[in-house]
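These are my notebook entries on a single structure. I set down what I looked up, topic by topic.

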Amino acid sequence: MLKLYNTLTRGQDTFEPLEPGVVKLYTCGPTVYDVAHLGNFRAYIFEDILRRTLEYKGYRVLQVMNLTDVDDKTIRGANAAGISLDTFTQPFKDAFFEDLKTLRIEPAEHYPAATAHIPEMITLIERLIALKHAYIADDGSVYFNIASYPDYGRLARLDLSSLQSGARVAHDEYAKDHAADFALWKAWDTDDGAVAWDSPWGRGRPGWHIECSAMCMRYLGETFDIHTGGIDNIFPHHEDEIAQSEAATGKPLARYWLHCAHLIIDGQKMSKSLGNFHSLRDVIGMGFRGREVRYLLASAHYRQTLNFTFDGLRAVRTALDRVDTCRHRLQQVAGETTASTTTEIPQWAHVMNTQFDRAICDDLNTAAAYGVLFETIHESNRLIDGDRMTKREAAAVLTMFDHWDHVLAIMQPDQDSAAADTAADPVVTDLLEKRQAARQIKDFKESDRLRDLLRDKGWVVRDTHNGQELRKSS
Ligand code: AMP
Ligand code: ZN
């Protein structure tokens with residue numbers, strides 16, 4: 001039985017899909033105005049573990065992840081760069097798909113881009129206007145009337161008693177105490193530059209929230225199983241998605257709403273706006289591996305805040321070495337013997353298998369699942385040391401690990417990059433980390449000094465649009 005914590009009910013619910021055997025899952029995707037940072041990837045890895053757990057439990061998963069390629073931030077970026085919106089967002093879309101591979105994130109079935117679904121958004125807005133849940137403002141923008149929808153605030157548990165009737169908010173992101181009628185369609189203004197589409201209300205562009213409503217319903221139907229994101233998505237994004245969708249259809253949008261806690265750094269949420277972020281490309285450039293980042297980001301339960309440190313990331317290498325060494329030893333014992341099922345596992349490993357299943361079905365408790373993995377490694381090593389592991393048992397334990405790894409995806413070694421040895425050297429990564437911090441505050445003098453120090457240690461550092469890249473000097 002799979003239990004998932006549902007933000008809607010604020011409790012652990014037993015998961016049952018609407019249609020037997022199939023799970024329809026919508027995961028809010030990246031806003032492609034920059035490369036994604038490790039905080040974003042914490043959310044995508046949590047969603048990947050969810051998807052993989054559903055598959056491990058025998059479900060077929062139909063997952064949709066949108067690409068937000070038009071919103072306040074992408075438009076600002078394109079206009080600042082003086083290029084079209086498409087030209088601006090395309091490299092970030094490409095980078096995102098590369099990063100997913102690096103982190104072993106299974107691809108979704110669909111990645112709809114918002115700009116390719118404007119007609120669906122317009123149709124949904126027309127429906128809301130016809131039902132009097134939305135109204136057209138004087139400038140040609142369209143707003144959702146939150147007073148028309150009595151359930152507004154249910155997901156975020158808002159107290160709307162002091163709400164000012166008719167107050168409006170045009171921005172995509174705003175705080176709970178600014179809850180108000182929000183924009184479904186934004187009439188063109190000069191800040192939008194060349195970004196605009198025709199609509200029944202004049203030229204303009206969609207609000208961020210309506211994008212997800214239109215795309216999830218287009219691919220998954222008016223009611224589907226699971227909708228996810230980071231906790232910062234609960235309000236306003238998911239609250240507004242629920243209001244728009246359910247007011248239009250009269251049906252619940254998603255039955256389970258799952259949200260992951262933040263990745264924090266120095267006590268604050270890792271985010272682009274605070275400037276305290278590390279992109280995946282930065283840390284790969286420092287010599288860490290995708291597998292190590294994945295391991296770290298899944299090491300805490302997804303609803304617990306996770307604190308990012310380079311020491312923590314460095315420690316992962318030791319943990320994964322233990323995994324690799326144990327698997328290697330088991331392979332040596334098993335020799336040519338293989339096991340297609342885990343039926344021949346010894347009793348002690350059978351207990352571990354049950355514990356693994358229990359951990360992952362307990363609201364995806366990856367921290368407990370890692371605990372079971374290391375207990376199994378410890379016991380395997382003990383038995384191999386005492387010459388008490390048979391070929392068939394070793395083969396069965398390896399098959400059991402493969403079964404677990406469908407969920408965790410951390411056991412196969414990476415194809416290493418040439419720079420991978422650097423991560424083992426705390427002095428080098430420390431210099432790279434300091435240099436990145438210097439570059440973020442545009443202290444180029446300090447950044448050059450650190451580059452020279454690295455050169456003295458035998459490393460050449462190059463700045464690319466993917467971040468710092470390191471190679472051994474010849
Ligand atoms: P964005 O591109 O800002 O829309 O964010 C994409 C996803 O990353 C959303 O699900 C966010 O909730 C999530 N996210 C952003 N920052 C963090 C963070 N520091 N920790 C965890 N998830 C985050
Ligand atoms: Zn969304």
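I began with D266, which I located in the loop that runs between β12 (263–265) and β13 (268–269). I read its backbone angle: phi of D266 is near 50°, a positive value in a residue other than glycine. I note for the record that the model is a predicted one.

I next asked where ligand 1 sits. I found ligand 1 in the largest pocket. As for which elements give two or more residues to its shell, I recorded α1 (38–56) and β10 (224–230). Of the elements, α1 gives the most to this shell, namely four residues.

I then listed the surroundings: 16 residues surround ligand 1, and the closest are Y44, D232, N233, L263 and M270.

I looked up which atoms of the protein approach the nitrogen and oxygen atoms of ligand 1. For L263, a backbone N or O atom lies 2.8 Å from a nitrogen atom of the ligand. For M270, I likewise read 2.8 Å between a backbone N or O atom and a nitrogen atom of ligand 1. For N40, the side chain is involved: one of its N or O atoms is 3.1 Å from an oxygen atom of ligand 1. I then checked the cover, and the protein covers 93% of the 490 Å² of accessible area that ligand 1 has on its own. I note that L263 and M270 also stand in the list of closest residues.

**Entry on the zinc ion**

Which protein atoms are the donors of the zinc ion (ligand 2)? I identified C28 through SG, C212 through SG and H237 through NE2, lying 2.1 Å from the ion. I wrote down the sequence spacing of these donor residues as C-x183-C-x24-H. I placed C212 in helix α5 (residues 208–220) and H237 in helix α6 (residues 234–249), so the pair ties together parts that are 25 residues apart in sequence.

**Entry on helix α6**

What kind of peptide bond joins F235 and P236? I found a cis peptide bond there, with omega about 0°.

Key. Residues are numbered from 1 along each chain as its sequence is written. Chains are lettered from A and ligands numbered from 1 in the order in which they are written. This is a predicted model: local features need pLDDT of at least 70, side-chain atom pairs count only at pLDDT 80 or more; totals for chains, interfaces and linings use all residues. Side-chain values use heavy atoms; hydrogens and water are left out. A residue is near a molecule or strand if one of its heavy atoms lies within 4 Å of it. A polar contact is a pair of N or O atoms within 3.5 Å; within protein, one must be able to donate a hydrogen and the other to accept it, and residues adjacent in sequence count only if both atoms are side-chain atoms. Accessible areas come from the Shrake-Rupley method with a 1.4 Å probe; for residues, only the protein chains shown count as cover. On a 1 Å grid over the protein atoms alone, a cavity is a set of points where a 1.4 Å probe fits but cannot get out, and a pocket is an open set with protein on both sides within 12 Å along at least five of seven lines; lining residues have an atom within 4 Å of a point. A molecule sits in a cavity or pocket if more than half of its atoms lie within 2 Å of its grid points. Donors are N, O and S atoms within 2.8 Å of the metal (3.2 Å for Na, K and Ca); water is not among the atoms, so sites may look incomplete.
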